[in-house]
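Student: I'd like to go through this protein with you. Can we take it one question at a time?

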Amino acid sequence: DVTGVQTCALPISWHLRERRPNGLISLGWLLNPAAVVAVALARTRTPLVLNEASLLSYNTRVMHRNQLRLRILGRLAPLLYPKADAVTGVSGPVIADLEHEIGLNPRRVPLYVIPNAVDANEVISLSLIPDDAAVTVNSEPVFVNVARHAREKNVPLLLRAFHMYLSEGGSGTLVLIGTGPDTDQLQKLASNLGLGARVVFRGLLNNPFPQVAASTAFFLSSEQEGFGLALVEAMALGIPVVSTDCPGGPREILCDGAAGLLVPAGDERALAQAMQRIAEDPSLRLALATSGTKRAKDFDPSVVGLAWLDVLRHAGAHTGGQPGESLCRR
């Protein structure tokens, strides 16, 4: 909030003056205003890159519309973001949202898309750790979701779709990994729908990957996603994925539906039909798993890291550094 800008900016500016780093990357709309103020106070001409991981319009108009201090941060964005040497977003829609929402002009400040990185080898290694509580596929499919239990993840949609899928002859288990402010409401909804043991709430897991790897398919039901990290992690494990075509990164990650199924956001029937398709069509599961695994390689840390190096190099040139000079120190 605004108080956070005041309390963060001074310590950051002191650090910049004392340590003279080669660059500053600020991660997220709650911190970005403080970073801009800190660089101005430090007067060191430190190259500044602002990163956005979610849709600013959703944060200010939906998620935090009743929190005045956070809405003020959104109002400050048009004044502060153009002062950065570069602005990055985790997906194309996040950058497009900044252009539309605050009038960010790429001719005034360079804009870049840099997705989140996923180390497939690490995810696979973690998935091999035994998990005695994992719900495994036997004769019936297992659908899994990993998400914070909050409005933007729209897990109620997933529960209603799963109920519809079962009521129309489907079978299987839905495993929900995560917790949040809506967990109690989700458990009540599952009970009211009569889902019983068909839904397993596993809570917050330090390592969700054994359960994801043991599942038939991964389902994301969000109403917005800046990126969709859990999608890429499931794809890296060779698990077919289904996502709502919500504002944000899923469509981009899934290559317009080539690397995973996309269903209209908020459409429980379409989601239920996707469950049926996944459950009944092994050739579809294989095709999605194959294309998803291939697509996940595009988010390897080595690829994403080079993109960050390029942005930092260009940001340094923008502030008077030598073009082509890397601003990252080992």
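This is a predicted model: local features need pLDDT of at least 70, side-chain atom pairs count only at pLDDT 80 or more; totals for chains, interfaces and linings use all residues.

Student: How many helices and strands does the protein have?

Tutor: We count DSSP runs, numbered from the N terminus: helices are H or I with at least four residues, strands are E with at least two. On that basis the protein has 14 helices and 10 strands.

Student: What is the radius of gyration of the protein?

Tutor: It's taken over C-alpha atoms, and the globule rule is 2.2 Å times the number of residues to the power 0.38. For 330 residues that rule gives 20 Å, and the protein comes close to it, so it is as compact as a globular protein of that length; its radius of gyration is 22 Å.

Student: How do α7 and α8 lie, roughly parallel or roughly perpendicular?

Tutor: Axes are lines fitted to C-alpha atoms, for helices over the stretch in contact, and angles run from 0 to 180 degrees between N-to-C directions. Helix α7 (residues 155-167) and helix α8 (residues 183-192) have axes 10 Å apart and pack at about 15°. Angles under 35 degrees count as roughly parallel, over 145 as roughly antiparallel, 65 to 115 as roughly perpendicular and the rest as oblique. So α7 and α8 are roughly parallel.

Student: Which residues of α12 and α13 make the contact?

Tutor: The axes of α12 (residues 268-280) and α13 (residues 282-296) come within 5 Å and cross at roughly 100°, which means α12 is roughly perpendicular to α13. From α13 come Pro282, Leu284, Arg285 and Leu288, and from α12 come Arg277, Ile278, Ala279 and Glu280.

Student: Is Leu306 buried or exposed?

Tutor: Leu306 sits in helix α14 (residues 301-318). Its C-alpha atom is 9.9 Å from that of Ile114, 192 residues apart along the chain. Buried means under 20% relative accessible area, exposed over 50%, partly exposed in between (1.4 Å probe, protein chains only). Leu306 has 55%, so it is exposed.

Key
Residues are numbered from 1 along each chain as its sequence is written. Side-chain values use heavy atoms; hydrogens and water are left out. Contact means heavy atoms within 4.5 Å.
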